[in-house]
Amino acid sequence: QQVVTCCNHSLSVVMCKLETGTITKCQQQQQSATMKSRRMHLITDDGFGRHLTANLLVMTFIITVCSTNPHLHLFFLDAYHDIKEYMMQTASEMAWWSVLGLLSSSCCAIQILLNALSFGCAGFNNVLGPIRPTFVAMTIMAQMSSWYVSYSRPYQWRMTAASTLLSLFLTLLPEALVWQTAKREGSRQQLQTNGEWKDSLLNDNTNAAGIIHLQFRLTTMGCSSCVSTVSKVLDGINGVLQYFVSLEDGSAEIVLDEALVRRRTEMSTSKGSMHDLLWNDIADQLKAAGFPPLDTCNSKKER
């Protein structure tokens, strides 16, 4: 029996199997081929600083115009106090800053809670991500205004500082998750004993022996919190040497040590059977975390 698996690491992955002379071509779902490119919309992304600066300039211009026009000044001042009073009545004095911080982070804190409860992605980043620079600019302007008002009132400094820290924490939450995920992956790489090939495990040209390569299509990921949750699942799997989770193309690639997996799981099956068992087991764990892989053919690479 001859098994040949071919993978194309583009947005749509085509896989083939040649078994006992019969060719079976795995059908890829149309949505994976037409899936929109996803981004985390981080402050370090290209163009984010430019959009943030543009929003700040526009808001500064609007505030300047409203300040010089008595009618507009009174109108927006009344609207601000009405919104603030409503927030004070429904929650607490920190509610206004919490809402702005949540919007500035594309509701990342809410998504973290949903992921902890295994509800999967709610799609906040898909909607709020593209306009995140605007919300970040609003948060900056609101904090500047708050400090401008409280500067001459020392008794308000403590509350203003608390609101600033809360807003900063919520706003930078996506970046903190990305840093945590990168640190976790870096720690796993440092644990590898064979430094000559650990950084090229995901490379198709690697000639390392005893390596099992699995690939999953996770089209439900939508933000840095989702990537962090998937990474935690993969980090807890026995025998994983290296993994790569990509939000942009909705994929997760995993490299496992065949010998290590056999020792820890006491599997005595063939490598092909082990590949299928591992794929199904990891798919179940991802599904339990709220990110079920697409039910397409999986990839196998024997080194």
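The buried residues of helix H2 (residues 48-68) are Phe48, Leu52, Asn55, Met59 and Cys66, where buried denotes a relative accessible area under 20%, exposed one over 50% and partly exposed a value in between (1.4 Å probe, protein chains only). Seen down the axis of H2, these buried residues fall within an arc of 65°, so they line one face of the helix; the arc is that of the directions from the helix axis to the C-beta atoms. Arg50, Leu57, Phe61 and Thr68 are exposed on the other side of H2. With 21 residues, H2 reaches 30 Å from its first C-alpha to its last, close to the 30 Å expected at 1.5 Å a residue, the expected span being 1.5 Å times one less than the number of residues. Helices (H or I, at least four residues) and strands (E, at least two) are DSSP runs numbered from the N terminus.

The model is predicted, and local features accordingly require pLDDT of at least 70 and side-chain atom pairs pLDDT 80 or more, whereas totals for chains, interfaces and linings use all residues. Residues are numbered from 1 along each chain as its sequence is written, and side-chain values use heavy atoms, with hydrogens and water left out.

Helix H8 (residues 157-171) comprises 15 residues and spans 21 Å from first to last C-alpha, close to the 21 Å expected at 1.5 Å a residue. Its buried residues are Thr160, Ser163, Ser167, Leu170 and Thr171. Viewed down the axis of H8, the buried residues fall within an arc of 100°, so they line one face of the helix. Arg158, Leu165 and Phe169 are exposed on the other side of H8. In helix H9 (residues 173-190) lies Gly186, which is partly exposed, with a relative accessible area of 25%. The C-alpha atoms of Gly186 and Gln242 are separated by 9.6 Å, although these residues are 56 residues apart along the chain.

Strand E3 (residues 211-217) is mostly covered, with seven of its seven residues buried. In a regular strand the side chains alternate between the two faces of the sheet. Ile211, His213, Gln215 and Arg217 point one way from E3, and Ile212, Leu214 and Phe216 the other way. E3 runs antiparallel to strand E5 (residues 251-257) and is joined to E5 by seven bridges; two strands pair if DSSP finds at least two bridges between them. The bridge partner of Ile211 in E5 is Asp257.

Strand E4 (residues 240-246) is also mostly covered, six of its seven residues being buried. E4 and E5 pair in the antiparallel sense over six bridges, with Ser246 opposite Ser251 in E5. The two strands E4 and E5 form a hairpin with four residues between them, and Gly250 in the turn has a positive phi of about 60°.

Three cavities of 30 Å³ or more are present. A cavity is a set of points on a 1 Å grid over the protein atoms alone where a 1.4 Å probe fits but cannot get out, and lining residues have an atom within 4 Å of a point. The largest cavity holds about 80 Å³ of space, the volume being that filled by probe spheres set on the points, which are joined across faces, edges and corners. Its lining includes Met40, Phe124, Arg132 and Cys223. Helix H5 (108-116) and helix H6 (124-128) each supply at least two residues of this lining. The lining residues divide into six nonpolar, five polar and one charged; Ala, Val, Leu, Ile, Met, Phe, Trp, Tyr, Cys and Pro count as nonpolar, Asp, Glu, Lys and Arg as charged, and the others, Gly among them, as polar.

Notes:
1 Å grid on protein atoms, 1.4 Å probe; cavity = no way out; pocket = protein on both sides within 12 Å on 5 of 7 lines; lining within 4 Å.
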